[in-house]
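The entries follow in the order in which I made them.

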Amino acid sequence: DKANDLGRTIGQSDEYKALKRTSDALGEDREAVTLLRELEGLRRQAGEMIERGEQPSAEMEQRLDDLLAKVQVNPTYQRAVAAQDNFDKLML
């Protein structure tokens, strides 16, 4: 019963509602989704190269930096990160 009450309380918190809202908005932001998918794909590719003992090319590293810079200035992404941060603080 206490666990159910806690779950309900968390789900009704402003922090959770903001997290849900910003997560939904991020999923609907085509530009952000495209950038995040490309960034994740390149990160995965670079990780696989490193696991094989290969060094990612300077071009790949530059592309990763460029994508990361574009993602970080995206307002929808910024709001989602802030909401996640606030929710994490609540959970702590």
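Entry 1: I note at the outset that the model is predicted.

**Entry 2: the extent of H4.** I then looked up the limits of the helix: H4 covers residues 58-72, 15 residues in total. From first C-alpha to last, H4 reaches 21 Å, close to the 21 Å expected at 1.5 Å a residue.

**Entry 3: the buried side of H4.** Which residues of H4 are buried? I list Met60, Leu64, Leu67 and Val71. Viewed down the axis of H4, the buried residues fall within an arc of 70°, so they line one face of the helix. I next asked what the buried residues of H4 pack against. The partners are helix H3 (30-51) and helix H5 (75-91).

**Entry 4: contacts of Val71.** I set aside residues up to four places away in sequence and looked up what Val71 touches. The list holds Leu35, Leu36, Leu39 and Tyr77.

**Entry 5: the nonpolar cores.** The largest nonpolar core has nine residues: Leu35, Leu39, Leu42, Ala46, Met49, Met60, Leu64, Leu67 and Val71. H3 and H4 are the elements that give two or more residues to this core. H3 supplies the largest share, five residues. Apart from this core lies another, of five residues, including Ile10, Leu19, Ala83 and Phe87.

**Entry 6: the whole chain.** Along the sequence, the pattern is α-α-α-α-α. The radius of gyration is 17 Å, well over the 12 Å that the globule rule gives for 92 residues, so the protein chain is more spread out than a compact globule. I also recorded the span of the C-alpha trace along its principal axes, about 55 × 30 × 20 Å.

Entry 7: Of the 92 residues in the protein chain, 26% are buried. Among contacts with a separation of 6 or more, 61% join residues 24 or more positions apart. The protein chain exposes about 7000 Å², and carbon and sulfur atoms supply 49% of that area.

Key: Residues are numbered from 1 along each chain as its sequence is written. This is a predicted model: local features need pLDDT of at least 70, side-chain atom pairs count only at pLDDT 80 or more; totals for chains, interfaces and linings use all residues. Side-chain values use heavy atoms; hydrogens and water are left out. Helices (H or I, at least four residues) and strands (E, at least two) are DSSP runs, numbered from the N terminus. The expected span of a helix is 1.5 Å times one less than its number of residues. Buried means under 20% relative accessible area, exposed over 50%, partly exposed in between (1.4 Å probe, protein chains only). The arc is that of the directions from the helix axis to the C-beta atoms. Contact means heavy atoms within 4.5 Å. A nonpolar core is a set of buried Ala, Val, Leu, Ile, Met, Phe, Trp, Tyr and Cys residues joined through side-chain atoms within 4.5 Å. The radius of gyration is taken over C-alpha atoms; the globule rule is 2.2 Å times the number of residues to the power 0.38. Accessible areas come from the Shrake-Rupley method with a 1.4 Å probe; for residues, only the protein chains shown count as cover.
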